[in-house]
Amino acid sequence: MADDSKTEIAEFGRWLRGLNFSVMPAMAMAAAAELGLFGRLLVPTAARDLARETGCSARGLVLLLDALTGLQVIQKQDDRYFLTEKARHFLGTGDVDSFEPFLMHLHQIAPGWLDMAEVIRRGAPHQREADDGRYVNLTRGLAATNRPMADLLQRRFPDPPPQKILDVGCGASSWSRPFVVAEPGARGFALDRPAVLDGAAKVFLGEVGLLDRYTFLPGDFWETDWGRDYDLVILGHLCHSLGPEQIVALLRRANAALGPGGRVAVIDFIADETRQEVLFPLLFALNMLVHTDQGRTYTEGEYRSFMVEAGLNPTERLDLTEAVGLAALIARAG
Ligand SMILES: C[S@@+](CC[C@H](N)C(=O)[O-])C[C@H]1O[C@@H](n2cnc3c(N)ncnc32)[C@H](O)[C@@H]1O
């Protein structure tokens, strides 16, 4: 056997051995977010004080703090723990850049993943109670994690700059925000369910000082009137939760809402055409398998044909994070 393939086999074995433990860091981080530890660890705090403040058991808290120390999220001096310098950029502040809501979202998706074998057996998603509020944590978290990519999309978006922008299933409105900021006369229209508009969009847009630049359209996007004459309709992280016919129907609604020369941007994790090269969209499809009736990730070719079927003219692809296949696919009004 060639040395190269021996090394590959050994590496694969190491990867398999590590797999059993790979969810542990994520779950420890999610528990710390859920317990509200990060904000309290902005100042050095002893474990016994933290246990008293949070109503936690001392044994459990010390073991969690030690694990977070090992992960270099916090550090320990004498008997006090505090956030490391690098972690303070993402955790503890509770502001728009905080990753904590995203970590808390893990609690919401973990049961679905645990149920995956059963989901595949019965061909129906994990059963959970309807709760629009579940999107609040996710979309508040997405506002922080999307921010650099949303800025990049706006900078690279082909001229002319859009003035009237509809953000469908907007969550916090993180994809439309940079377009509204960039043009003094631009106006955003945020469409989502009322609980999400109240819990995520209005809070986020208030924090970034844009509340008066937005109109809110509460409701179900299959039923609500979207309005007309938009320069840009954004479908961000939305199509992956739908089946092909639903995507075409949504794109048709987008096409009808555009003014002359208007454009649609589908922002999503795009699978490569052979569905074997870029890993993340393939894993993310499983997240949609366990949580939706018809969702999965799609290739650029599939999106182009959905766009054409909806009467749109696909134009360009703007890659936002190639490592995870995140891209915006643009189409012009037909
Ligand atoms: C994964 S989040 C994406 C949020 C945002 N576009 C982003 O990328 O950050 C999906 C959003 O679509 C909204 N949504 C899903 N189905 C909807 C429907 N039928 N009507 C209105 N909003 C819906 C959810 O409430 C949620 O805010």
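Visitor: What makes β1 and β3 paired strands, and which way do they run?

Guide: Two strands pair if DSSP finds at least two bridges between them. Strand β1 (residues 45-46) is joined to β3 by 2 bridges, so the two count as paired, and they run antiparallel. Ala 46, for instance, has Arg 80 of β3 as its bridge partner. Strands here are DSSP runs of E with at least two residues, helices are runs of H or I with at least four, and both are numbered from the N terminus. Please keep in mind that this is a predicted model, where local features need pLDDT of at least 70, side-chain atom pairs count only at pLDDT 80 or more, and totals for chains, interfaces and linings use all residues. Residues are numbered from 1 along each chain as its sequence is written.

Visitor: How do you know that β2 pairs with β3?

Guide: The same definition applies: at least two bridges are needed. Strand β2 (residues 74-77) and β3 are joined by 4 bridges and run antiparallel. Lys 76 stands opposite Tyr 81 in β3. The two strands form a hairpin with 2 residues between them, and Asp 78 in the turn has a positive phi of about 50°.

Visitor: Why is His 237 called buried?

Guide: A residue is buried if 20 or more other C-beta atoms, placed from the backbone, lie within 10 Å of its own, exposed if 12 or fewer, and partly exposed in between. His 237 has 20 C-beta neighbours inside 10 Å, so it counts as buried.

Visitor: And what makes Arg 275 partly exposed?

Guide: Arg 275 has 13 other C-beta atoms within 10 Å, so it is partly exposed.
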